[in-house]
Amino acid sequence: MDAVFQRCIDPACAATAALDDTSFVCPRCGGLLDVAYDWNRLRPPESLRFFEGKWSQRTEPLSFSGVWRFRELLPFAAPEKVLTIGEGQTILQRADIVAGYVGLEAGKLYLQYEGMNPSGSFKDNGMTAAFTHARMVGARRAACASTGNTSASLAVFCSATGLMKAVIFIGSGKISYGKLAQALDHGALTVQIAGDFDDAMLRVQQVAKKLGIYLVNSINPFRLEGQKTIMYRILEALRWEVPDWIVVPGGNLGNVSAFGKAFIELLDLGLIRRAPRLAVINAAGSNTFYQLFEKQGLRWNNGKPAASVSEAYYANLDANQIRASTIASAIEINRPVNLTKALRALDRCQGLVREVTDQEILDAKAKVGAGGFGCEPASAASVAGTKKLRQEGVIAPGERVVCVLTGHQLKDPTATVAYHSTDQKTFDEVLGKRGVRRAAFANRAVQVPNDLDEIIKAIEVYS
Ligand SMILES: *Cc1c(COP(=O)(O)O)cnc(C)c1O
Ligand SMILES: [Zn+2]
């Protein structure tokens, strides 16, 4: 057995696949795979403080990368195979204004700004890892289905390295302009399917298999290895203290699965003594995980969650033609491919799931923007969810909470401008049809005649 391989996540199956296998499904049961390590042969660090030494080596690309400076915890690639574009230079910000909004004490809420990645979302953390694996196996083309950010990330990795051709599947009319602009600008082959994300996801898997194209959706376990490092950077920013809660929006559930794996491994390696609790926040218009976990009691069950529960749920979606629908397009997904891995993460990290409405998401987003660097709608679900968990009393006011802000503010300016707009028609067209009724925290532009006295008067009145 090699020191690094792929292994079925079901402990009772535990079938393995070689490191260079690119089918990304268990050869025996068809389930999800993990990247697995024989740590006895890989010599992981004995303390997380080991990573502090990397700061003095920042002129080396691998130590500069916010992903690969932790490479001892995702040791699947030889250093010379790694493809990095400087991803993971992200910031954990204490956010007291937002803390006040959600009902936490000052100093207890932190925002992890993953929008500061090269393509503007956390997806770059995973893409550098998947891309590295793609290079290891000699891939020439890489494909994904995307609500926008995975495709933007793939496109920029392809254009910046010149090593592969990007093939992108998107649903029609669902992608925000910021994200579509990135795919087009970076020269990706963009295939717009008459359907939604769930349709595109199914097709890309079929096409990748038929044409032998490397698949970079989060069903790819190497992506999740890269996304583990978001947690390492949070711990690093907190001087290796474990927070009480990590709150993250849930779409395809790759992130929460990666975070769970990160903490399970850190515990197993004795590098932390306890894991934080994980909270996944769904949008109410695409709340499969919330329904299955909180309402129907679906659990990890040691690798065998009751298939009948999720099958019946999906059959009902189909029978009633229910489609995912939320302003938070990055989490507008009804069939999360990483469902079982996410259940494992919640099991091991005392996790839970909540749903928030588009109204709650946009109000929280406005608060994030007014109290920090800003984020796209899906990201603000984490803040809206934290507020809800505070109201329920599940999170205590003095607990330390990190909300992961998954994507950049400029990814979806349409939603932001509509929220702050004085024009009721714009508001209704973009937000009214989503059930958003008011913009409690709107910062409206002030209309003034082109006249110096009037301009001065307006500034004096409003500032
Ligand atoms: C992809 C994405 C998500 C959803 O993450 P999953 O890992 O699919 O659950 C949330 N927010 C943003 C901005 C994203 O791009
Ligand atoms: Zn299996």
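1. Glu114 touches Thr90, Gly120, Ser121, Phe122, Asn125, Ile230, Arg233, Val404, Leu405 and Thr406, leaving aside residues up to four places away in sequence; contact here means heavy atoms within 4.5 Å. The model is predicted: local features need pLDDT of at least 70, side-chain atom pairs count only at pLDDT 80 or more, and totals for chains, interfaces and linings use all residues. Residues are numbered from 1 along each chain as its sequence is written, chains are lettered from A and ligands numbered from 1 in the order in which they are written, and side-chain values use heavy atoms, without hydrogens and water.

2. Glu114 lies in the loop between β5 (109-113) and α4 (123-136); helices (H or I, at least four residues) and strands (E, at least two) are DSSP runs numbered from the N terminus. With a relative accessible area of 0%, Glu114 is buried (under 20% relative accessible area, 1.4 Å probe, protein chains only).

3. Cys8 and Cys13 are both buried.

4. Three strands form an open antiparallel sheet in the order β2-β1-β3, where pairing requires at least two DSSP bridges between two strands. The edge strands, each pairing on one side only, are β2 (16-17) and β3 (33-37). Arg7 has Thr16 in β2 as its bridge partner.

Terms used
Buried < 20%, exposed > 50% of the residue type's maximum accessible area, 1.4 Å probe, protein only.
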